[in-house]
Amino acid sequence: MTERGRPILITGANGLLGQYLVKVLIEEGQFLVATGRGVCRFLHAEVFKGTPQQAPSYIYADMDFTDPASIRHVMDYWKPSVVIHAGAMTQVDPCEEDPLKCYQVNVEGTDLLLDAAKAVGARFVFVSTDFVFDGAAGPYKEDDTPAPISVYGQSKWEAEKLVMRSGLDWAIVRTILVYGTPFSGTRANIISWARDSLQAGRTIKVVSDQWRTPTYVGDLAEGISALLRLQKQGVYHISGRDFLTPYDMTLRTARLLGLDEALLVKVDASTFFQPGRRPPRTGFIIDKARRELGFEPVSFDEGILLTLGLTER
Ligand SMILES: NC(=O)C1=CN([C@@H]2O[C@H](COP(=O)(O)OP(=O)(O)OC[C@H]3O[C@@H](n4cnc5c(N)ncnc54)[C@H](OP(=O)(O)O)[C@@H]3O)[C@@H](O)[C@H]2O)C=CC1
Ligand SMILES: Cc1cn([C@H]2C[C@H](O)[C@@H](COP(=O)(O)OP(=O)(O)O[C@H]3O[C@@H](C)C(=O)[C@@H](O)[C@H]3O)O2)c(=O)[nH]c1=O
């Protein structure tokens, strides 16, 4: 193609992680093809009509990764050197209620992309989840054995296995409860939910028997970018560093913002009806990412300030 080489292709570019990945990779000067369903919903890009040689360094393309023709159209044209597969059906309860759809998007979609990546000789980076574990014995390291307890978790684990067996140069980045504010669109996160509720004087029930290491989305995007730069292969756990329950997360938000913590009511997960089971105790040991990628996440308190736009990087 051109002297700048073949592009990096991202799926799920309209999603929370996708938006941050696009930002981080553009800032690094990468040649990028961001893909999503339908129009670009976060960063204006001209509809590009020239040849790949004439393309600007950032292009958005409509690509449904469950549709072989749509994948072929985009992948054959751009022939990326790397595919970062961040797109997925991510809502745990709708996955539980419609397992076929979940499987089609998360497993078959990954399989189709793997075939397309093979055809053009692209590296493959797959974004996965703590929900591949059963949550009996977190925090987890990369070689602990997955045992998902939800349809969503099972679908991501099935997709991981396809990636591992693909014969491609691959990496899997598992992450946990990703929070942050999208550049465009609205999306609730535990921090803004707590702030808005407490500011309005509303009581909220918050789970105190699930443990996570919640991940600031900007850290995750930078961790993935480091993994690309360093051409790493294999499984990496990339998450925040604080081991917290959702109750702890809302309490920290209340304290940092000087809001009334008495409005936070501790509850057990069993008091919620949720179709999809959540693993009680996940969390990641991130030593490998620290050592090999130089990954160093912000504290949850810093993440709160970043999410609410009260500080900048
Ligand atoms: N959010 C979290 O807490 C965690 C997320 N992850 C993983 O991280 C990744 C990114 O998650 P996140 O950014 O938060 O998720 P989002 O739900 O914000 O983004 C997912 C994106 O995937 C897109 N998508 C879904 N189906 C298709 C399809 N058939 N074709 C093209 N695009 C599609 C969605 O499109 P549309 O916008 O049109 O619906 C959406 O923009 C996912 O793989 C997820 O499993 C892992 C652990 C925790
Ligand atoms: C709605 C609600 C949630 N919670 C808690 C439960 C839960 O641990 C946390 C977030 O709730 P959710 O149901 O949105 O999150 P959940 O679907 O459990 O989030 C998951 O998303 C997928 C995509 C992943 O891959 C996981 O890493 C994971 O974090 O907040 C409460 O305590 N009270 C509430 O009223």
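Glycine 201 follows helix H6 and has a positive phi, near 75°. Helices (H or I, at least four residues) and strands (E, at least two) are DSSP runs, numbered from the N terminus. The model is predicted: local features need pLDDT of at least 70, side-chain atom pairs count only at pLDDT 80 or more, and totals for chains, interfaces and linings use all residues. Residues are numbered from 1 along each chain as its sequence is written, while chains are lettered from A and ligands numbered from 1 in the order in which they are written.

**Helix H6**

- H6 covers residues 190–199, and its buried residues are Ile191, Ala194, Arg195 and Leu198.
- Seen down the axis of H6, these buried residues fall within an arc of 95°, so they line one face of the helix. The arc is that of the directions from the helix axis to the C-beta atoms.
- An α-helix has 3.6 residues a turn, so residues three or four places apart point the same way.
- The cover over the buried residues of H6 includes strand S7 (178–179) and strand S8 (204–207). It also includes helix H8 (246–257) and helix H10 (300–307).
- A residue is buried if 20 or more other C-beta atoms lie within 10 Å of its own, exposed if 12 or fewer, and partly exposed in between; C-beta atoms are placed from the backbone.

**Overall build**

- The protein has 10 helices and 11 strands.
- Along the principal axes, the C-alpha atoms fill a box of roughly 60 × 40 × 40 Å.
- Of the 313 residues, 45% are buried.
- Among contacts between residues at least 6 apart in sequence, 82% join residues at least 24 apart. Two residues are in contact if their C-beta atoms, placed from the backbone, lie within 7 Å.

**Strand S5 and its partners**

- Strand S5 spans residues 123–129; six of its seven residues are buried, so S5 is largely enclosed by the rest of the structure.
- Strand S4 (residues 82–85) pairs with S5 in the parallel sense, over four bridges. Two strands pair if DSSP finds at least two bridges between them.
- Valine 83 has phenylalanine 124 of S5 as its bridge partner.
- Strand S6 (residues 170–175) also pairs with S5 in the parallel sense, over six bridges.
- Valine 127 is bridged to valine 173 in S6.

**Ligand 1**

- The shell around ligand 1 holds 26 residues, and the closest are Gly12, Gly15, Leu17, Gly87 and Ala88. A residue is near a molecule or strand if its C-beta atom, placed from the backbone, lies within 6 Å of it.
- Helix H1 (16–27), helix H4 (99–120) and S5 each supply at least two shell residues.
- H1 gives the largest share, three residues.
- By class, the shell has 11 nonpolar, 12 polar and three charged residues. Ala, Val, Leu, Ile, Met, Phe, Trp, Tyr, Cys and Pro count as nonpolar, Asp, Glu, Lys and Arg as charged, and the others, Gly among them, as polar.

**Ligand 2**

- Around ligand 2 there are 14 residues, with Val92, Thr129, Leu177, Val207 and Pro246 the closest.
- S8 supplies the largest share of this shell, three residues.
- The shell of ligand 2 divides into eight nonpolar, three polar and three charged residues.

**Backbone and loops**

- Most residues other than glycine have a negative phi, and most peptide bonds are trans.
- Lysine 79 has a positive phi, near 45°. Lysine 79 sits in the loop between helix H2 (68–78) and S4. With 17 C-beta neighbours inside 10 Å, lysine 79 counts as partly exposed.
- Glutamine 231 also has a positive phi, near 55°. Its loop runs between helix H7 (217–229) and strand S10 (234–237). Glutamine 231 has 10 C-beta neighbours inside 10 Å, so it counts as exposed.
- The peptide bond from glycine 138 to proline 139 is cis, with omega near 5°. Proline 139 lies in the loop between S5 and helix H5 (151–164).
- Glycine 294 belongs to the loop between helix H9 (287–293) and H10. Glycine 294 counts as exposed because it has 12 C-beta neighbours inside 10 Å.
- Glycine 294 and leucine 263 are 31 residues apart in sequence and 39 Å apart in space, C-alpha to C-alpha.
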